[in-house]
Amino acid sequence: MAKTSYDEKFEQELYDFFDARLPDKIYDAHVHISRDFMKKNGYEGEPYEFFKKFTAKYMPRKLSGALVMPQISISHTAETLRDENRYNLDLTKRENLSAGLVVRPSCSVERVEQLLSENPHIKVLKPYLVYAEKAENVEETDIDTFTPEWMWQLANEREMPILLHLSHYKELLSHPANYGQINYFCTKYPKVKLVLAHCAMGHNVEMLRRGLERIKGLKNIWFDCSGSGEAAAIAYCVRYFGTDRMMYGGDFDYGTFFGRIYSYGSSWHAMRPTPERDKISGYRPINNLQDCLLQLIYAIDAMALTEKQVEDIFYN
């Protein structure tokens, strides 16, 4: 990003603002650690150390804990994903963090069960749409193509969460296949704690609102607000499900990028710096971590949440 577009003074002002507003204890419920990402961006050190330095620079609180997962990649083979999961399990065990296990439909159920038994700090199963089987367009595939029945059965038996990044990018939660399968699986497997990442991909607020109407009776739904660039999306999730079902997430390493995702019409767009935008007078984005944290505070203020409710989101 061009130096003229970078507003370091504003970042410092936000740091001071966050210092006055954030609770003492914060748990980050959505972190990805990737060795490849760090190398591609010129960082040769330990990726988790970079994460800690980045978070400390932009957030005036030391994290009280975090859920850490490997980075998602469509280029993963069975071998490379196994290696990333193993690296992540070693890291989270060493740092006393919770681990998310990235799973694909083709994973051996027996092997996944073994990993869960041997690594009690695995707290979440993390499927992802890029691992969908036989999908012509992974962005428009159905949930069961990348989160098949065996994952639900396993999570139900262990009463553990599944962290789900929704597909059907045009309609998101309002797509009949999405809310239909969420209702089906959450009803059939009531001990699964389904966490809908990024406010159920609520990047378009109206698509989110319509979808929330379709799942509002479910008792085993949670949300994280990682990467959520619209305060209204956070507010709607809280309105329908309460603060005890919303969790803060910084979405590292996506949180390092400049810009945010915003809603317009029936669509949504990820606005990031480009040479053309850098020439626009007044175009001064901030990193996604701070931008989304700002949106969260806007939502907290708009809903007039109590101190206890704020603590529910950030830690409880």
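Keep in mind that the model is predicted.

**Stop 1: a strand on the inside**

Start by selecting residues 122–126, which form strand β4. Of its 5 residues, 4 are buried, so β4 is largely enclosed by the rest of the structure. To see where they meet, pick Gly100 and its bridge partner in β4, Val124. Next, show helix α5, residues 109–118. Together, β3, α5 and β4 make a right-handed β-α-β unit.

**Stop 2**

The whole structure holds 14 aromatic pairs. For one of them, select Phe54 and Phe252: this pair is tilted, with 6.0 Å from centre to centre and 50° between the planes. Where do Phe54 and Phe252 sit in the chain? Phe54 is in helix α3 (residues 47–58), while Phe252 is in the loop between β8 (246–247) and β9 (260–264). They are 198 residues apart, so this pair links distant parts of the chain. Both Phe54 and Phe252 are buried.

**Stop 3: charges over rings**

Finally, select Arg35 and Tyr87. Arg35 lies over the face of Tyr87, 4.1 Å from the ring centre. Then move to Trp222: the charged end of Arg245 sits over its ring, at 4.3 Å from the centre.

Technical notes:
Residues numbered from 1 in each chain as written. Predicted model: local features only at pLDDT ≥ 70, side-chain atom pairs only at ≥ 80, totals over all residues. Heavy atoms only, no water. Buried < 20%, exposed > 50% of the residue type's maximum accessible area, 1.4 Å probe, protein only. Helix = DSSP H or I, 4+ residues; strand = E, 2+ residues; numbered from the N terminus. Pairing = 2+ DSSP bridges. Right-handed = clockwise from strand over helix to strand, strands pointing away. Phe/Tyr/Trp six-rings, centres within 6.5 Å; stacked < 30°, edge-to-face > 60°. Lys NZ or Arg CZ within 6 Å of the ring centre and 35° of its normal.
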